[in-house]
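Here are my notes on the model you sent over. Have the structure open as you read, and take the points in order.

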Amino acid sequence: MNKIESLIEKYCPNGVEYKKIKDITIYKQPSKYIVLNTKYDNSFKIPVLTAGKTFILGYTDDEYGVFNGLKNNIILVDDFTGDIKWVDFDFKVKSSATKFIQSFDNNKYSLKFIYYSLSNLSYKNNDHKRCWINTMSNFKIAVPPIQIQNEIVSILDSFAELTAELSFRKKQYEYYLNDLFDFDKNNIKYKLLKIKDVLKIKRGERITKKELKQYGYLVISGGTNPFGFYDKYNRNENTITIAQYGTAGFVNFIREKFWANDVCYSMDVNKEMNNKFVYYFFKKNQNYLYSLVVPATPLHLPQERLENIFIPIPSIEEQNRIVQILDSFNDLTTNLQIGLPKEIELRQKQYEYYRDKLLTFKELKH
């Protein structure tokens, strides 16, 4: 029995009450917190918010009527779309269409729990009519005892923090991926050559679904995932592949021996090149590769277009340095054996379980 189940057994074995949102929250107009000056500047300190996708519209120096979100956490609701945001920092808002929602009694009703419950409803207003008073405030949610609310919030918060950390790491990776290849800015000498001058592109060899095995070597084909298994291999470890058909232009780096099917290219670099460096070059230019695809049926990336891409070639020492840096970030974000993703996977399962639990408590019968 997990902790939540133990708390349910202790505090509400016969079920929990379902209450309307309007009966457990306080609704406030944002009038005195609306920004007066819409000339935003990133050098200013006070964010101007909307509950929509943009969330932070800009920053203002209008210090009159700033809402103290750091002290008084709040749910922002877009009265026209039904979008919601959790806010725990000081801010101003753009217009009266953004509503403020707070808990009626913090000792009974966790505002963060209410926020997660509303998020789980996934409500969207398509009529462009004000929706809080007549619609959203009448939604019913399960309201277990505060001890259970707090435990669920703790679990969902920990998942959100980990995913935010993973997102941050990915942004770091993307930053370094772009920065490390900016040799002009970094004053690093390099030669500019065509791909065909530094590596050999080969097509794989065709096998069909009927020839696949239950186990063996991975078969890499035109998709983002392996095609299956085969009892032979035609490529060695640490090989770059690029899909020719299917998800044409998709770049991958295969760490083990595998079978390259006939709808993907594989690459052999010369001895003066670090093949992982070439892989990272292609990853940096993934969108450019997609732009080279011929929009036929099926999609097709011609070999000659690949071969004529220009690639900057610094010294092998510089290539190795770049690979070492990017590998460290790549391990943190994509390798399932180390770093955050393993923890993310576990938290994802917890998150889905408890997120669903928000709407699946047994209702208390009076």
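1. Let's begin with the outward side of helix α1, where K3, E9 and K10 are exposed (over 50% relative accessible area; buried means under 20%, partly exposed in between, with a 1.4 Å probe and protein chains only). Helices here are DSSP runs of H or I with at least four residues, strands are E runs of at least two, and both are numbered from the N terminus. Please keep in mind that this is a predicted model, in which local features need pLDDT of at least 70 and side-chain atom pairs count only at pLDDT 80 or more, while totals for chains, interfaces and linings use all residues. Residues are numbered from 1 along each chain as its sequence is written, and side-chain values use heavy atoms, with hydrogens and water left out.

2. Which residues of α1 are buried? In this helix, residues 3–11, they are I4, L7 and I8. They line one face of the helix, because they fall within an arc of 100° when seen down its axis; the arc is taken from the directions from the helix axis to the C-beta atoms. An α-helix has 3.6 residues a turn, so residues three or four places apart point the same way.

3. What does α1 pack against? Its partner is helix α3 (residues 146–180), at an angle of about 170° and with the axes 10 Å apart. Axes are lines fitted to C-alpha atoms, for helices over the stretch in contact, and angles run from 0 to 180 degrees between N-to-C directions. The two helices are therefore roughly antiparallel (over 145 degrees; under 35 is roughly parallel, 65 to 115 roughly perpendicular and the rest oblique). From α1, K3, I4, L7, I8 and Y11 meet Q147, I148, E151, I152 and I155 of α3, contact meaning heavy atoms within 4.5 Å. By class, this contact has 7 nonpolar, 1 polar and 2 charged residues. Ala, Val, Leu, Ile, Met, Phe, Trp, Tyr, Cys and Pro count as nonpolar, Asp, Glu, Lys and Arg as charged, and the others, Gly among them, as polar.

4. Helix α2 (residues 111–121) also meets α3: their axes come within 9 Å and cross at roughly 65°. That makes α2 roughly perpendicular to α3. On the α2 side the contact uses K112, F113 and Y116, and on the α3 side Q149, I152, V153, L156, D157 and A160. The class count is 6 nonpolar, 1 polar and 2 charged residues.

5. Next, α3 and helix α5 (residues 275–284), whose axes come within 10 Å and cross at roughly 110°. They are therefore roughly perpendicular to each other. Y173, L177 and N178 of α3 make the contact with Y280, K283 and K284 of α5. By class there are 3 nonpolar, 1 polar and 2 charged residues.

6. Some backbone details deserve a look. Most residues other than glycine have a negative phi, and most peptide bonds are trans. N187, in the loop between α3 and β10 (191–194), has a positive phi near 55°, and counts as exposed at 70% relative accessibility. N238 also has a positive phi near 55°; this residue sits in the loop between β13 (228–230) and β14 (239–243) and is partly exposed, with a relative accessible area of 37%.

7. Where is the cis peptide bond? It joins T297 and P298, with omega about 0°. P298 belongs to the loop between α6 (286–291) and α7 (303–307).
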